[in-house]
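Visitor: I have a new model open on my screen. Could you show me how to read it, one feature at a time?

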Amino acid sequence: MIKSKKCIVATAIALTTVASTCFAASSDITVAMQLEPPHLDPTSAAAGAIDSVLYSNVFEGLTRFASDGAIIAGLAKSWDISADGTEYIFHLRAGVQFHDGTGMDAEDVKFSLDRARAGDSTNSQKALFAGIANVAVVDSTTVKVILDKPNGSFLFNMAWGDAVIVAPESIEGIKNNPVGTGAFTFQKWVQGDRIELARNDSYWGSAPALESVTFQFIADPTAAFAAVMAQDVDVFTGFPAPENLPQFEADARFQVLEGSTEGETILSTNNKMPPLDNVKVRKAIAHAIDRQAIIDGAMFGYGTPIGTHFAPHHPDYVDLTGNSEHDPELAKKLLTEAGFPNGFETTLKLPPPSYARRGGEIIASQLRAVGIQAKISNLEWAQWLEQVFRGKDYGLSIVSHTEPMDIGIYARPEYYFQYDNPQFQALMTDLSATTDTAMRSEMLKKAQNIISEDYVNGFLFELAFTTVADAKVQGLWKNAPTQATDLTGVSWSE
Amino acid sequence: MLQYTFKRALSLCLSLCLASVVIFTVVEIAPGDPASFMLGINAQPDTIAALRAELGLDQGKFARYLEWTGGMLKGDFGTSYTYRSPITDMISERMWISLPLALYALVLSTLIAFPVGLYAASKRGALGDVAVIGVTQLGIAIPNFWFAMVLVVIFAIKLRWFSAGGFAGWDDGLFIGLKSLTLPAIALALPQASILSRVMRSALIETLSEDYIRTARAKGLSRQGVLWRHALRNAMIPVLTIIGLQFSFLIAGAIIIEQVFFLPGLGRLVFQAITQRDLIVVESVVMLLVLAVISINFIIDLAYAAIDPRLRHGL
């Protein structure tokens, strides 16, 4: 509707150009999201907003995530892995150009990987590159990567936004002028407002349908609702107000996409802080929680219950919600056995997202029902990082862990929930050295069971990914296997 | 006068120095490290240390204070931690929205307040006056962000006359730019216009009870004639003071309105900078706002002294 309006306005202003204006209107799109990237270098910050704008659109890696989470070829068209799993030979696509017109070759790949793993690197996911012993240029389209030891997730690691291939010449200005190999080129960034991309006409792959893309940043949920309703924006990814979604669903002008994310939302528990160091107490908390009530109350029904730290859409997922059914009587019994017949007091420190703030209120009341007094304090992210994450000064917290396949954090005893289980740690070490798919699958299932039976955290739900879009927009990613708004396959249905 | 001006200027400088110390201390005390915030929860300690070094955060607090204040004296606020661009450029870019918005709101509120205030004063005690008092009371009481949402629902969602927010920029012409600032300016202007109307009304009523007004009336001047020729000019002094104060409020006070209309102005910059712990941006923008408020007060002080000779001497 807004599209045709634009055309009418154009007619009034300049009759001669009306045909071309109408045509252009159906090949541009405005995509809104809540958070603005702090800068535009995906290889040196954790901000998901950077990937949400640039992943696949502007920057590409050797491999990449497909919309269903599968790892597919990216700038490397194929690869050979040595029998012992420590040597990867990547065959790069020929004739790929960076947006500045220079060629992308094996030297650029070596530069990008070496830069990410260097001593002074500021890559926020440096662990992805930790196993790389050497990167060698074989010829202009062949790169050999030697690993210290076999790593079953190496191709997966190379698909992350933090592992995209960058040009050495562009590094100095990358934070404000990203130069990649993707289907769209960066045009303009009005800080605080929007980022504009344009179609890359010399793209190596099939050309995208869209000619220009505007990413608009709207932080306030009410403003987000108004912008969609007024059709100022064509798409809102990660729509921040789930309570408004039924209204959009009922409106023929819009479509609502509900997909999955990699965000395991958990009641993070400090495993070293008494009495939470007692597994019976943690088990009691798990049984005191009614997941569905939290999903309904805090997320207005959007979300999938989980019983362990693993994404339900993953083929290796095991449904362990049965380990922690809602059972307040059992919770009270367990507390009595643990020596706390009258419950105890602890802290519940909540970061800003609504899943935490709303979910926190509900969890606190569910805990109160079995005698546990959880004192809520609301923190900003920066405070949360300092007090909870780094200072480990907390009893309980609620956080969605959005990194894909991050069950390995349970093998880090210094990590903020301070879970220290040598058996689990050994399993993770074995897992990363295993490349056989069937064996990896068994190990991942075992790992899910261990943390579920140890009640490390309260496992709540998998965060849903909700997108509201104009009904005529097609080809959007429904799920979010990584934080990305891949627009290469998006078009208008007219 | 010269001595008075010198004294005022000295106190202005002292206030600025004190403000810089207070701002720096308060912001630095706030918990949260910009480097950890940017790198998130998977970052390794050596990565955070590398970024801290890159940002210059590994230097002592005192050294950073000197660098910041020294830079400001040369008109250079430094470089933003998160955006990595020069803060001076960022602020001037945002000023192209915040300043026109504040001016627009000020012009609107003055254009509303003058006729309303005059009307109410001339109809003192009558139904019209009572209505003005009631409506302006409501205008002061309604939170401007709520009023902003109502405007969006009516004019953006229902009528489609304006977009729900965002700023079109000045490149496509003055009209397009002003159009995107219209709803925010109205939302900002409403409480200001209400306050100003009331000040205008009471100042006029007070002036109208002065002896010289009675003399003018006794000489045969009409009620309206007295209002326009004598009362209005004298009532302007308190009104202008309020307008001066409102202007600094409008620049600093637009934070919430900029959120509601997602305008990339100064307020939004501060808001984002606080959550991201972009401390140097917070410090610089707050310092700039302090400078604006103190300067406006300085000018008002001088204006008073020009009008009222008692201030120049003795005091």
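Guide: Gladly! Keep in mind that this is a predicted model. Let us begin with a pair of strands in chain A: strand S5 (residues 87-92) and strand S7 (residues 142-147) run antiparallel and are joined by five bridges. To find your place in the pair, look for A:Tyr88, which stands opposite A:Val145 in S7(A).

Visitor: What sheet do S5 and S7 of chain A belong to, and in which order do its strands lie?

Guide: Reading across the sheet, the order is S4-S5-S7-S6 in chain A, four strands in an open, antiparallel arrangement. Strand S4 (76-81) and strand S6 (132-139) of chain A are the edges, since each pairs on one side only. Ignoring direction, neighbouring strands of this sheet are turned by 20° against each other on average.

Visitor: Which helix lies across S5, S6 and S7 of chain A?

Guide: That is helix H4 (residues 106-117) of chain A, and its direction is at about 170° to S6(A).

Visitor: Now a helix on its own. How do I read which side of a helix faces inwards?

Guide: Start from the general idea: an α-helix has 3.6 residues a turn, so residues three or four places apart point the same way. Now try helix H9 (residues 291-299) of chain A, where the buried residues are A:Arg291, A:Ile294, A:Ile295, A:Ala298 and A:Met299. These residues lie on the same side of H9(A) because they cover an arc of only 100° around the axis.

Visitor: What do the buried residues of H9(A) pack against?

Guide: Their partners, in chain A, are strand S13 (304-305), helix H11 (354-368) and strand S17 (458-470).

Visitor: Is S17(A) enclosed or open to the outside?

Guide: Of its 13 residues, 13 are buried, so S17(A) is largely enclosed by the rest of the structure. You can follow its pairings one by one. Strand S12 (residues 254-269) of chain A pairs with S17(A) over eleven bridges in the antiparallel sense, and there A:Ile266 has A:Phe459 as its bridge partner. Strand S11 (residues 235-237) of chain A also runs antiparallel to S17(A), with three bridges between them; look for A:Phe236 opposite A:Val468. S13(A) is joined to S17(A) by two bridges, again antiparallel, and A:Thr304 is the bridge partner of A:Glu462.

Visitor: Which residues touch the most other members of the largest nonpolar core?

Guide: That core holds 205 residues, and the ones that touch the most other members are A:Ala32, A:Ala223, A:Ala224, A:Ala226, A:Ala227 and A:Val235. The element giving the most to this core is helix H8 (residues 174-208) of chain B, with 14 residues. For a close look, pick A:Ala32: leaving aside residues up to four places away in sequence, its contacts include A:Ala224, A:Ala227, A:Val235 and A:Phe236.

Visitor: And how should I read the place where the two chains meet?

Guide: In general, the size of an interface is often given as the accessible area lost when the parts come together. Here we can count residues: 41 of chain A are in contact with 43 of chain B. On the chain A side, helix H6 (221-229) and helix H12 (381-390) are the elements that give two or more residues. H12(A) has the largest share, eight residues.

Visitor: How many residues on that side of chain A are nonpolar, polar and charged?

Guide: The side of chain A that touches chain B has 17 nonpolar, 13 polar and eleven charged residues.

Conventions. Residues numbered from 1 in each chain as written. Chains lettered and ligands numbered in written order. Predicted model: local features only at pLDDT ≥ 70, side-chain atom pairs only at ≥ 80, totals over all residues. Contact = placed C-beta atoms within 7 Å. Nonpolar A, V, L, I, M, F, W, Y, C, P; charged D, E, K, R; others polar. Core = buried A, V, L, I, M, F, W, Y, C linked by C-beta atoms within 7 Å. Buried ≥ 20, exposed ≤ 12 C-beta atoms within 10 Å, placed from the backbone. Arc of directions from axis to C-beta. Pairing = 2+ DSSP bridges. Axes fitted to C-alpha atoms, helices over the stretch in contact; angles between N-to-C directions.
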